[in-house]
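User: I'd like to learn how to read aromatic pairs in a model. Can you walk me through them here?

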Amino acid sequence: MNLLVLGDSLSDGGWERDPAKMGSAWPSALARLANDASESLSVVNRSRGGWRSVEILADAREADMAGVDVLALFAGANDLWRRWKAWGGQAPIDAEDYGRNLTSLCKLARERFVATVWILTPCLLHADPDHVWNREMGEYREACARVASAFQAVLIPTGEEFEASVRALPEVRWTYDGVHPRPVGQERLAWTVYHAGMKGNELPVG
């Protein structure tokens, strides 16, 4: 299976410095899980730190999708975070426009004959799961679910399962700063994708 990953800093992992072009984030952890299960998985990562859904859409239009079996989309955190955290002159993107961008990405995948799209739900923006920034994330996860249903995409509950892990095991340092996962957080994301996307084993919480 050939997997193309488009996302933000949660997926980037410095892939441009990696000879394998996967980086150190969840895509490489997913490849290890697949390899351990003797499953064939080739990963190409084009994610960029700071990207919102609009930048991901623009990059997807230029991406070579020949031979891609699965397109993984992991966006939304920066779309919302720009309400409170300025970066690069970017404006926030509301949940409705975020959903439109996901729709365009799914249509593009269909036009390029990509058989399957995985839509990964966005994760936390603050170490406290009940912080207002995280409460607002629900709208974006709902948009993911609507688009996945409309296009028969695979909805992967990365955000929900990551939040459940933070709540169940608050003593674990899941992220560096409330947003960017430490290695244990990236492994959590990979297990979620492995289970929901590749029908592999599930990693229990708690």
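Analyst: Here's a short tour of the aromatic pairs. First, the ground rules: this is a predicted model, where local features need pLDDT of at least 70, side-chain atom pairs count only at pLDDT 80 or more, and totals for chains, interfaces and linings use all residues. Residues are numbered from 1 along each chain as its sequence is written, and side-chain values use heavy atoms, leaving out hydrogens and water.

User: What counts as an aromatic pair, and how many are there?

Analyst: Rings of Phe, Tyr and Trp (its six-membered ring) pair if their centres lie within 6.5 Å; planes under 30 degrees apart are stacked, over 60 edge-to-face, and the rest tilted. This structure holds six such pairs. One of them is W26 with F74, edge-to-face at 6.3 Å centre to centre and 65° between the planes.

User: Which parts does that pair tie together?

Analyst: Helices (H or I, at least four residues) and strands (E, at least two) are DSSP runs, numbered from the N terminus. W26 sits in helix α2 (residues 26–36) and F74 in strand β3 (residues 70–74), so their pairing links parts 48 residues apart in sequence.

User: Are those two buried or exposed?

Analyst: Buried means under 20% relative accessible area, exposed over 50%, partly exposed in between (1.4 Å probe, protein chains only). W26 is buried at 0%, and F74 is buried at 3%.

User: What about W84 and W133?

Analyst: They're stacked, 5.4 Å centre to centre with 15° between the planes. W84 is partly exposed at 33%, while W133 is buried at 15%. Together with W81, W84 and W133 form one aromatic cluster.
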